[in-house]
Every structure is written in structure tokens, then in C-alpha cells.
Amino acid sequence: MQADEINLKKKAESAIGKKAAFGEDFELEKFEEASKVSEPIENMKELDEESQRTLLKVGVLPSEEGRAGTLLMKDNAISHTSQKDKNIELMSTKKAMETHEWLKDYAWKLVAVDTDKYTAKSYLEDADGYFIRAPAGKKTVFPVQTCLMLGSKNVSQTVHNIVVVEEDARLDIITGCTTQKGVEEGLHLGISEMYVKKGATLNFTMIHNWAENIGVRPRTVVHVEEGGTFISNYICLKPVRSVQSFPTVRLEGKGAVTRLNTIAIAHPGSELDLGSRAIFNAPGTRAELISRTITTGGKIIARGEMIGNAVGAKGHLECRGLILSDKGSQRAIPILEANVADIELTHEAAVGKIAQDQVEYLMARGLTEDEAVGMIVRGFLDVGIKGIPEELRSEIEDTITQTALGM
Amino acid sequence: MLKIENLRVEVNGKTLLHDVNLEVGKGYTNVLFGPNGAGKSALMRTIMGFSEYKILEGRILFNGEDITHLPVDERARRGLGIMTQRPPNMSGIKLGDLVRTVAKGEKDPEALAENLDMQRFLNRDVNVGFSGGEIKRSELLQLAAQNPSLYLLDEPESGVDLVSIGHVGTKIKELLNQGVECPGERCKKGKSALIITHTGQILDYVQADRGYILCNGTVMCSGNPLEMLEEIKKKGYEECVRCKLMR
């Protein structure tokens, strides 16, 4: 074992009891470690109909049509990997670490192992996950799809993903996180480290569709170099016990750009603590953090943070929340920090109910009250996300409409 | 078609309208004059059924049916359509989607938009960043899709530049007349309308049949609309108030 590995292990061991800065504290001992072996799935279309539907609901197409590649992780084992676009690399993180000697300089370099007990556990368990790399100059036409699935009851899943988009490359990823039918309780811990090199673009869409008693603790840090672009869409519309995430994008090179969209619905019993953070470490960097959330009885905390450390940085933070029930709560916490003079950081936050004049405006055109509310809510959540498959788009629309009507 | 009897209306506990009596016959275009704050918009919004406006007394009849306590959408489905002065910004709702929903497949949204020179607005959020004239055209487009039998138009010329007034006025005439040129036929086949106007500019484009003057929350008198406009231009509304008091 090398010196820095011993060092990391020590750090992780000392942090195994460390509570996270935000969110409900989960006792790790209450969950069994998920299995590291699972039956390989050769062809996704051979999965039973129920499982195929489950995948479809998080944007993962069993047909794999219009996808550059597919990786499925069930519990703690990679059960399927297939690749159509030979320009990219797609494999398990473990295999990638064996294949690429240099990858050790990327693993656990953005996310600190001792961030909290969840990162510590993921490190100590030597979590597997997906590795996706777009070599320099390669631009994928279709997105790579990955699915992280909790397949057993009462277990904790630990995931470690690494994404590298080399200079001037372009990569699209759709990651769907879900539970197999019948799995109602469990814990998902996911480490993601993403590198967007000079002039590269990464378009990352993550769709969560958990069950009512699942705890979810993603830990994501993104590093963007000069002229690079990182776009993230996070969608969570179905009931879940608790999600707490606060992805951080570090804009390290001149002119780097990021845009993070968060779209979420908190159902009764759900607690969603969702943040996004942009750190401007180079001149002329830009960020836009957009959050649109709805509560139908659950609790939402929308955090947004921008830290400006370099001249000419420009950022805008927008947190908007709708309350469709008296039982729910919305808390928007925007934080702006400027550490140099020549910088422009702005925010707008608004929480409240649907405006009656808007509802009646549509009703005066002949729409029923339900139709009017549905249309307003769909419009509220529409931040112009591209690249979502048609099936999923209609699924999302349906969920939103049902949410609006079921208030 | 529309009959209002002894209407008394309050908003937030304050009486805005009282003893209002007014009629619009089938195919008739009636005009509502009155100074700022007289309650013209309130009357129109009350007729449409917006929930802010509480009817304390009187009733509203539409085609003989008492609609006094019907919700907005029920009134819309019975044939009432409104162009308000300041419609709300509808973020995230594309004009094209709204027009399609309202048209219910009975009218072609593209063709309607072309007629109003609104094609390039179909992908924009309704009213967001629209100019005064664009708002009016957007409202007319929605009304064209809705195809009501009674048009409630609140100051269609307000906020519209001089060139656009001609366009908006002509389009309103088209919608109301439904292609009928003969004045006798208009009452049989044309649409009914109640139009609020401050300046009377809209009367250069549409044939008005009857005028009402609303002051201090009630109807002062009614008569020939062009004659009334002349009189208002000369003497203002003070004369109307005085005249009413004399009686």
C-alpha cells in the first residue's frame, strides 16, 4: 500500500462517524452492505417488463437505441456494460483503475474521503461505479446511459463514479437512479468526480426515482478548465424519504461556464435538501444555478451558493418554490460571496402559492381549474431541459400533472 | 344576450359598483365610457366572474341564464371571452401551447397566428416581455381560438402605438363581424361585444350600437355612442354627474 493510500484510509476511518453538514443522519450500521456480486445481464431487453419500465422511468432505455453506451449497477455490482460508440470509454471504475495507471490522480481528488461518514464509508468499501471518458476532440452524438439501482431490501449501496472529458471533447450522460420493485428501504451513497478539460463540454442529466423509505446521499464535485462547459439537470419528482446533495462545480480555467438546473417535487414524508454551489476560481467564469421546486406536503430546502474568487466572474442564482399544500414547507437559502472587486453575483428567490390571477386568466379561456393549475405547474418546472427521451418526457409531464391535481 | 340588473359589487370590502343596469343584445357592440376609476374594468371583470369581485346584489343574465354565481371557466364555456388590460405574465407557458389548448382542435392555431402576425410569438412565454401592442394581439389570438359569442374588451387601444391601433382595430372588427358586411345581418350572425374605451379611437374601426357612461360606480346614462363621445370630448364627465344629480 502506498503512502497516500494509507493516509486516505486513516482519514476515512477517522470520519466514519462524522455526521454530514446537512440532512437527516442515517445510522450506517442499520443497513447491510449491498452485495458486490450479481448475475450479469447480457441483454437489457431480456429483463422482465417490470424492470424495463423501472429503467425507462429514469431515462434509461432498455432498447439502447440512440445511446452511446449503457452501464447498469445493481446493488454494489456492475451487472451490464455495453458500448455502441467506440470513440468513448465506458467501464466500471474498478476496471478503469486497473486499466489506467494515471486514473489514481483523479480518484478521490475532488471529493474528500473525510467529507462525512458517507464518503468515508464509500472509500472504505472500495466502492465501484462507472468510469466514462471522452478522449480529446471526440464529440459523442448520443448520450451514455447509466443506471444505479438498489436491488435488495435494507441495504446500503456505495457508488464511485469518475467522468473525464478531455480537451475539446463533448459528452452527454444520463444517469438514472432507482429501486427495484419491492425495495422500500435502503441507503444510496454516491460519489461522483467529474473532470471537464480545456474547451470540453459535459452535459449531465440525473433522474431520481426512489421509494418512500430510501435515504440518498450523493457527493459530487466537478472540475472545469479553461473554456469548458458543465451543464447539469437534476430531476426528482417521486416520493423518497430523504435526499441531501450539494454538488460543487469548481470553475478553474478562464471563461469556464456552468449551468445547474434542479427540478424537484417533495411529496408528504419526503425531505429534499438540494443545493448547488459554483466556485469561481478563474477570470471571466460564469455560472447559472436554477432551482424550481414544488411541495405537496414534503419539506424542501433549496440551497444555492456562489463563491467569487476571480475578476470578471458572473453568476446568477434563482430559487423558486411553489407550495401546493398547507403541510409542506419551502426554504430557499441563497448565499453569495465575493472576494474580489470586479465581480457580479446576483440572486432571486421566491416561494409561495400559485397566483390566483394566473389560474383565472387561463380559466377565462375555458380551461377548468385543474387544467389551468396543471398548465401553470408544468410551465413552472419547464426550464428547457434537452436530450430527455420522449417516453420520459411524457412520464415527467404525467407526474407533474398528477402532482398538480392531487394537491 | 347579456343583461345586468341592479348589480352591486365589492372588492376587499369596498363597494366599487352599485345599481348597475346594462344590456348587450345579440350581435350588438356596446361601448362603456367613463373617467378613470369609475369602475369600468371592475364591471367587465365582474361579468367575466373573476373571484376578487364579490356580487352583493343584483344579477347577471347571459342568454336568459342566471350566471351571477358561476365560476370563470363555466362562463367562458358558455361564450364569454375577455381581453383584460394588464394580463399576468405566464412564465413557462408558451403562447402556442395555450392557443392550441384553447382552440381544442376546432381552429388552426398557426393560421390564427398568421392572421394576427403572431407566428414568431408562439414559442414565447405568454405576455412575458411583450409590448403593449403585442399583448393586445396575443389576447386577440387567444380570443380568436376561444371563439366566444360575447367579447369583453377592456380598452383595446391602450398602450398601443398609432400604427398598431389600425391593425388591432381592424382585427377586432373582423372577429366581431365574422365576415358580415350588411348591418342588418350583423345582428343575426355577428358577435356581441362590450368595449371599454377612453379615447374612442376604437370607434373608428368598429360599429358601435349603444353607449353607456359609468361614473362613480354606476351607469349615468345611455344613448348613441358617437353622440356621447362628442359630448364627453366637449364637456368631460363632470357634466354627466351633474346631469344625473339634476334628475
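Across which strands of chain B does helix 1 of chain B lie? Before I answer, please note that this is a predicted model, in which local features need pLDDT of at least 70 and side-chain atom pairs count only at pLDDT 80 or more, while totals for chains, interfaces and linings use all residues. Residues are numbered from 1 along each chain as its sequence is written, and chains are lettered from A and ligands numbered from 1 in the order in which they are written.

Helix 1 of chain B, residues 40-48, lies across strand 3 (29-33), strand 6, strand 9 (150-154), strand 10 (192-196) and strand 11 of chain B, and runs at about 150° to strand 9 of chain B. Helices (H or I, at least four residues) and strands (E, at least two) are DSSP runs, numbered from the N terminus; axes are lines fitted to C-alpha atoms, for helices over the stretch in contact, and angles run from 0 to 180 degrees between N-to-C directions. Contact means that the C-beta atoms of two residues, placed from the backbone, lie within 7 Å.

Now to the sheet itself. In chain B, 6 strands form an open sheet with mixed pairing, in the order 6-9-10-3-11-12, where two strands pair if DSSP finds at least two bridges between them. At its edges are strand 6 (80-83) and strand 12 (218-223) of chain B, each pairing on one side only.

Strand 11 of chain B, residues 210-215, pairs with strand 12 of chain B in the antiparallel sense over 5 bridges, and B:Leu214 stands opposite B:Val219 in strand 12 of chain B.

Lastly, the contact between the chains takes 18 residues from chain A and 18 residues from chain B.
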